[in-house]
Amino acid sequence: MPTEKDFSQLLADNKPLKIVGAINAYSAILAERSGHKCIYLSGSGVASASYGIPDLGLTSLEDVLIDVRRISKSTSLPLLVDIDTGWGDGNDISHSIKMMIEAGAAAVHLEDQIEAKRCGHRPNKKLITTDEMCERIKTAVQGRGDSELFIIARTDAFDSEGIDGCVKRARDYIDAGADGIFLEAITSLQDYKKLKDAIQKPILANITEFGKTPLFKDKELMEAGVDMMLFPLSAFRASSKAAEKVYESILKNGTQESVLDIMQTRDELYERLDYLNFEKNLDEYIKNMEKK
């Protein structure tokens with residue numbers, strides 16, 4: 001299982017570190033096979049893919065832990081986990097952090113919205129005060145204990161407080177113990193530069209599709225001082241669209257033949273899962289059982 005040290009080392013060695021979303025164990029296997037070095041479990045991904053509900057703070061700690069455990073057991077890649085607002089205050093957040101470490105998370109991000117949170121690229125977000133968020137961070141750091149879990153503080157203050165408000169919050173969040181800052185729904189590279197100049201700590205840019213942040217490229221983000229590029233649901237959106245096409249084709253045409261070209265083949269699936277090796281071990285087991 002990957003460790004928290006792996007995340008910090010990757011961050012030091014990759015500028016920026018590309019972190020891709022993996023909504024389940026098989027997605028994690030595909031990401032690793034493709035050559036990626038770090039993966040991400042989105043709170044929105046858990047809500048939509050695992051429970052079929054919107055990302056409005058409706059999932060519990062245990063809901064997310066189920067997916068964290070499955071993913072971390074399937075891959076050697078460090079996993080960054082979206083823990084929303086931490087599922088409570090004080091001891092509750094410390095408990096959440098401890099459980100994330102036990103489940104295999106290498107890093108987490110914790111946000112400054114109220115518990116009745118919204119998607120970071122939607123309007124009418126409500127934030128807690130800076131002092132309240134600092135308490136969240138401090139209790140998260142306490143829950144981390146001797147581990148090296150990387151704790152990122154996310155701020156959604158840009159819409160309501162502008163970049164100056166984000167910078168002020170970020171400074172306080174770093175002082176409270178956060179290892180890095182996730183600046184949500186930013187619209188210009190200059191805003192990242194301003195934050196970097198102010199805090200000189202790792203910054204995460206959320207390069208999600210169809211949101212407020214332009215699809216900046218790695219080189220320009222690196223020049224702006226960004227350390228991490230997050231692609232939270234890119235693969236999930238693509239696979240969901242492909243699935244819809246398959247369902248529609250079967251209903252309309254009475255066959256899936258016209259969409260075979262967008263499917264992974266049986267042989268490809270088996271190869272990704274090392275199926276034949278598992279099958280060989282099963283054959284050996286059955287042979288040994290028959291000898292008894």
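These legends describe close-up views of a predicted model.

**View 1. Eight parallel strands form a closed barrel.**
The 8 strands follow one another around the barrel in the order β1-β2-β3-β4-β5-β6-β7-β8, and their pairing is parallel. On average, and with direction ignored, neighbouring strands of this sheet are turned by 25 degrees against each other. Strands of a sheet pair through backbone hydrogen bonds, in either a parallel or an antiparallel manner.

**View 2. Strand β1 pairs with strand β8.**
Strand β1 covers residues 17-21, and strand β8 covers residues 228-231. The two strands run parallel and are joined by 4 bridges.

**View 3. Helix α8 lies across strands β6 and β7.**
Helix α8 is made of residues 189-199. The strands it lies across are β6 (180-183) and β7 (203-206). Relative to β7, helix α8 runs at about 165 degrees.

**View 4. Helix α7 packs against helix α8.**
Two packed helices are described by the angle between their axes and the distance between the axes. Helix α7 spans residues 158-175, and its axis comes within 8 Å of that of α8, with a crossing of roughly 25 degrees. Angles under 35 degrees count as roughly parallel, so α7 and α8 are roughly parallel to each other. Their crossing is right-handed.

**View 5. Residues at the contact of α7 with α8.**
From α7, the contact involves F158, I163, D164, V167, A170 and R171. These meet D191, K194, L195, A198 and I199 of α8. Of the residues in this contact, 7 are nonpolar and 4 are charged, with no polar ones.

Technical notes: Residues numbered from 1 in each chain as written. Predicted model: local features only at pLDDT ≥ 70, side-chain atom pairs only at ≥ 80, totals over all residues. Heavy atoms only, no water. Pairing = 2+ DSSP bridges. Axes fitted to C-alpha atoms, helices over the stretch in contact; angles between N-to-C directions. Contact = heavy atoms within 4.5 Å. Parallel < 35°, antiparallel > 145°, perpendicular 65-115°, else oblique. Left-handed = near helix turned anticlockwise from the far one by under 90°. Nonpolar A, V, L, I, M, F, W, Y, C, P; charged D, E, K, R; others polar.
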